[in-house]
Amino acid sequence: MTIETETLQPTRIANRPQRRAKRDLSRNVLLPWLSPIAILLVWWFVSAAGIVGPKVLPSPVLVVAAAWELTLNGRLPQALVASLGRVLAGTIIGVALGLAAGLLAGYYRAGQIVVDKPLQMLRAVPFNALVPLFIVAFGIGEWMKVSLIAVGVLVPIYLNTFAGVRNVDSKLVEVGLVYRAPRYLIAYKILFLGALPSILTGLRFSLAIAWIALVTSETVNANAGIGYILAQAQRFVRTDQVFLCIVIYAFLGILTDYLVRLLEGRLLAWRNTYDGR
Amino acid sequence: MPEIRLERISKRFDDVPVLDGIDLVIPAGEFIAIVGRSGSGKSTLLRIIAGLEQATSGRLQSTDRLAVAFQEARLMPWLKVAENVGFGLPAKDQSRIVADALGEVGLAGKAASWPLTLSGGQAQRVSLARALVRQPEVLLLDEPFGALDALTKLEMQNLVGTLWRAHGWTVVMVTHDVAEAVRLADRVIVLDGGQISESVAIPGRGPRSPEDGHLAALEAQLLRHLGVPLPAGNAAPETAHS
């Protein structure tokens, strides 16, 4: 009997990682989608049962049909390319400026004096209040839209970079000083990398704002983009298309958030943090 | 290799005197331990030698080629062990030099590990390796083993003593562990109220074995200087005064 248990044990141990991987897949990949699927089912039921009319709440089937129609006539792909291009350009500019300002203000007391107050004031201004100003400055073309997104993105990146740098343990900076490391090395390997968790949190906030800024800018004057389809759909009371645009915004938002999380997983692998139980 | 020379070094923090006219010459290659109670100014003295603090008055002659190991290992958690050790080194030959140093402290297999996965003793070894790769003339140790458990501490003391013998550094170690000071140092300085109150030479070379009978007597002598009352039965014989 003892022999039997001894031969059983190894296989049981060998099986365990596989079983755990399977459980992790269902827990981490499928479980979070349960509530969105439930919402979809409720939506479907409410519209199919006729509780709310199709002009207010079109059924999910109608929304999918609208997507199909707009894909076939080419408007949706064109809109996606235009919108994604604006968000990408605005985000890149905003992140670059926000990072530069945050590192400058974080590293140098003098930089903080120059940069911090104006950006704190900018933070207090709702960015869509800047639309009239930006129209005057940049016209109603692409630049106005990209700049508006860039400004929206800049603020959270700046705030989180600055806070992240100032949160780095001064004892680590002291190590850099003792070993006479050049400034760029202290700035990069100690302050920037140390601030990275905070910067990535800022990036997630920023991307959420980028999508909001996109909608605002595209409803001003556009002839392409998701916001343009949205404005047109509203004008012609195409609620199915309105819903489609909302769903697309939701998915793009989740997608960008997911990409930042992937980035966090890669860049912050060193962290030893509590993941919830 | 230059000596370290302190002349009338004083330090005040907001008019509170911390160091009061320290005169100290540390010959090249000597291992000196500075002991004292909390607030005696011993850490400040080390930070002044390291250049992390400016003396309020006095003259300091030191070297640029110094390395420091602190009580906390102070590793960047976002850099792998090898990157921490090689921090700020020129890229040329870096990986070989780093690998050699990690080998010397007995962590050859840990080059690609994250610091947060290391034990306290391992982290402290990495911090030593980071000092080693700079080929310093002077090694400053600020209570380097204070946070380690008793057994790891003994291992680390042996390691530091052995490395000191092999490399011939000048070592200045601040500690509140008198036994540690006596095991390792050539000379133990007692700091009290910002002044040097005693200097005791320890015969032989460190790292000394705990079996060494002289050590207990020296330890007792130093503890008396520090004002620690000893139980009557353990009164040490009057030997080994410097």
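I began with residues 146–165 of chain A in this predicted model. The span is 100% helix and 0% strand. I looked up its end C-alpha atoms, and they lie 28 Å apart.

Next I checked residues 242–260 of chain A. These are also 100% helix and 0% strand. Here the end C-alpha atoms are 27 Å apart.

I then turned to the record. The UniProt entry, which is unreviewed, annotates both spans of chain A as "transmembrane region".

I moved on to the contact between the chains. Chain A brings 20 residues and chain B brings 22 residues. I found about 2000 Å² of buried area between chain A and chain B. Carbon and sulfur atoms give 70% of that area.

I looked for charged pairs next. I counted four salt bridges between chain A and chain B. One of them joins A:Lys171 to B:Glu72. Their closest N and O atoms are 3.7 Å apart, and the cut-off is 4 Å, so the pair counts.

Last, I asked which helix of chain A gives the most to the side that touches chain B. Helix 8 does, with seven residues. Helix 8 spans 170–178, and helix 9, at 183–220, also supplies at least two residues. I sorted that side of chain A by residue type: twelve nonpolar, three polar and five charged.

Terms used: Residues are numbered from 1 along each chain as its sequence is written. Chains are lettered from A and ligands numbered from 1 in the order in which they are written. This is a predicted model: local features need pLDDT of at least 70, side-chain atom pairs count only at pLDDT 80 or more; totals for chains, interfaces and linings use all residues. Side-chain values use heavy atoms; hydrogens and water are left out. Contact means heavy atoms within 4.5 Å. Buried area is the accessible area (1.4 Å probe) that two parts lose on being put together, summed over both. A salt bridge is a side-chain nitrogen of Lys or Arg within 4 Å of a carboxyl oxygen of Asp or Glu. Helices (H or I, at least four residues) and strands (E, at least two) are DSSP runs, numbered from the N terminus. Ala, Val, Leu, Ile, Met, Phe, Trp, Tyr, Cys and Pro count as nonpolar, Asp, Glu, Lys and Arg as charged, and the others, Gly among them, as polar. UniProt positions are given in the numbering used here, feature names are shortened, and annotations may be inferred rather than shown by experiment.
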